[in-house]
Amino acid sequence: MRFQNIPTPAEVLAEAVDLFGTAGFYVHILASLERIWLGFAIAGALGIGLGLLIGWFRFAEDTLLPPIELLRPIPAVAWVPLSIMLWPTERSSIVFITALGAFFPIVLNTIHGVEGIDRQLVRAATSLGAGRAAIFREVVIPGALPSIVTGLSVGMGVSWLCLISAEMISGQFGVGYFTWVAYGIVKYSQIVVGMLVIGVLGMVSSVLIRAIGARCMPWLPRRVKDGA
Amino acid sequence: MTDDSTGRIEIDDLSIAYGVNGRRVEAVRRFTLTTTPGEFVALLGPSGCGKTTVLNAVAGFVQPSNGTVVVDGEPVQGPGADRGMVFQQPSLFPWKTVLGNVEFGLKMRGIKKTLRTSRAHAYLSLVGLTGFEDAYPAELSGGMQQRVGIARTLVNRPRVMLMDEPFGALDAQTRLAMQELLLDVWREVRTTVIFVTHDIDEALFLADRVVVMTARPGEIRDVVTVKLARPRAAEVIATAEFMALKARVFAQVREESARVLPGRRR
């Protein structure tokens, strides 16, 4: 192993101070944040929406689930070449990859959450006068919420993975691109700073998801929230 | 809050069968019963005798294979708030507070927030849960959860309250307290009650009439009128009158249970 090229903590710190003093580094960070936000928002909207439909309506399960199961085993990174051909801009193709990666855990956890709803609660709602729309709104959505938040949490992790991979393969901005370029120009301390930035951003976004989830589900005991 | 004009339930020649693994199981056979408005009827029988199925037919959760269920002149088509159900598991919405659970039926009817909150408060006070409005169900004991379940059902002013072994999961002390509470509440909010249980003491203590059912398929074996004076307190179960009724019902239930669990001969 070639540890002699690994930068010391002091070198990394000095590099980080340098980088955060330049405007260029923030461009990379903002580019990544914009892509992750867009991709994750699209994945969340589609994943939760389709997951609720597939979990609750038989016809949606029969028509929508088979294609999802077919596409799911394909790693998001394998979509990169097709995505570059498919989308007009680099930004849109990377957002697509990011959304694709996050979509599957979100949709599958949402389906799982809906299917796990206690049927007795549905009966209770009908015998209290709830119609079909009210059952969907008052029972199905809140009942699936803990699983949805789990899906979002997992999806957020996957979307970072996909974003960084996509940025390393294609693109001119982003923390992943920055880290890959640093390797190309033999700037070892920049590689480590890039990795640490990815780690911190990923962690902050997970914490954010969990905090929002806990706010939305005040009925869950604290212990369960922390484990989500 | 007394209203004796509604709650007449006519169950006529009700039979219910359903398929289990391709086999046809007859749960209820030729069950006929009419309640008067405001009456408290207990359905008593061994487990699996179809008493819950009768309840589900009145609630509209299952369709009769034969016969009819008519509530205040209207044939039962499906579930509705006029036939409120209290389940063995309280089945409260975990994501709603106690107040949110009790308000649910009123919200479904489109009643204004301020009005439904004040009504929900009244029913919570009736079941002794004032001060717990903002608690979530998971924070309550089993008995308290079931009291929320009763308030949640009664706030809709149903024609009939259907109760499916609601105290079956509670410990003996809590169960007794809940039975007394139920009678107190029922005196205030007079509604027809159909109460399913396999507990003879519970049936006789609560009901005006006890319908003893046979083992599956459930048919009516006997209808016992309980003339014990009301209001009833727990001490009534030690009286000679109660004992005599209990002996009569006990012999029948024992015979029916023996048919479910053959093998032991006496």
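Predicted model: local features only at pLDDT ≥ 70, side-chain atom pairs only at ≥ 80, totals over all residues.
At 32% relative accessibility, B:Lys107 counts as partly exposed. Its salt-bridge partner is A:Glu138, with 2.9 Å from N to O. B:Lys107 belongs to helix 2 (residues 98-108) of chain B and A:Glu138 to helix 7 (residues 132-169) of chain A, so this pair joins two chains.

Over all chains, the count comes to 25 salt bridges. Here are three of them, side by side:

| Salt bridge | N to O distance |
|---|---|
| B:Lys107 and A:Glu138 | 2.9 Å |
| B:Arg159 and B:Glu74 | 3.8 Å |
| B:Arg230 and B:Asp208 | 2.8 Å |

Let us turn to the pairs within chain B. The side chains of B:Arg159 and B:Glu74 meet in a salt bridge. B:Arg159 sits in the loop between helix 4 (142-154) and strand 7 (160-164), while B:Glu74 is in strand 5 (residues 74-75), so the pair ties together parts 85 residues apart in sequence. B:Arg159 is partly exposed at 23% relative accessibility, and B:Glu74 is partly exposed with a relative accessible area of 45%.

B:Arg230 forms a salt bridge with B:Asp208. This pair links distant parts of the chain, 22 residues apart: B:Arg230 is in the loop between strand 10 (220-225) and helix 7 (240-260), and B:Asp208 in the loop between helix 6 (200-206) and strand 9 (209-213). B:Arg230 counts as partly exposed, at 30% relative accessibility. Elsewhere, shared partners join B:Asp72, B:Glu74, B:Asp82, B:Arg83 and B:Arg159 into one salt-bridge network.

Key
Residues numbered from 1 in each chain as written. Chains lettered and ligands numbered in written order. Heavy atoms only, no water. Salt bridge = Lys/Arg side-chain N within 4 Å of Asp/Glu carboxyl O. Helix = DSSP H or I, 4+ residues; strand = E, 2+ residues; numbered from the N terminus. Buried < 20%, exposed > 50% of the residue type's maximum accessible area, 1.4 Å probe, protein only.
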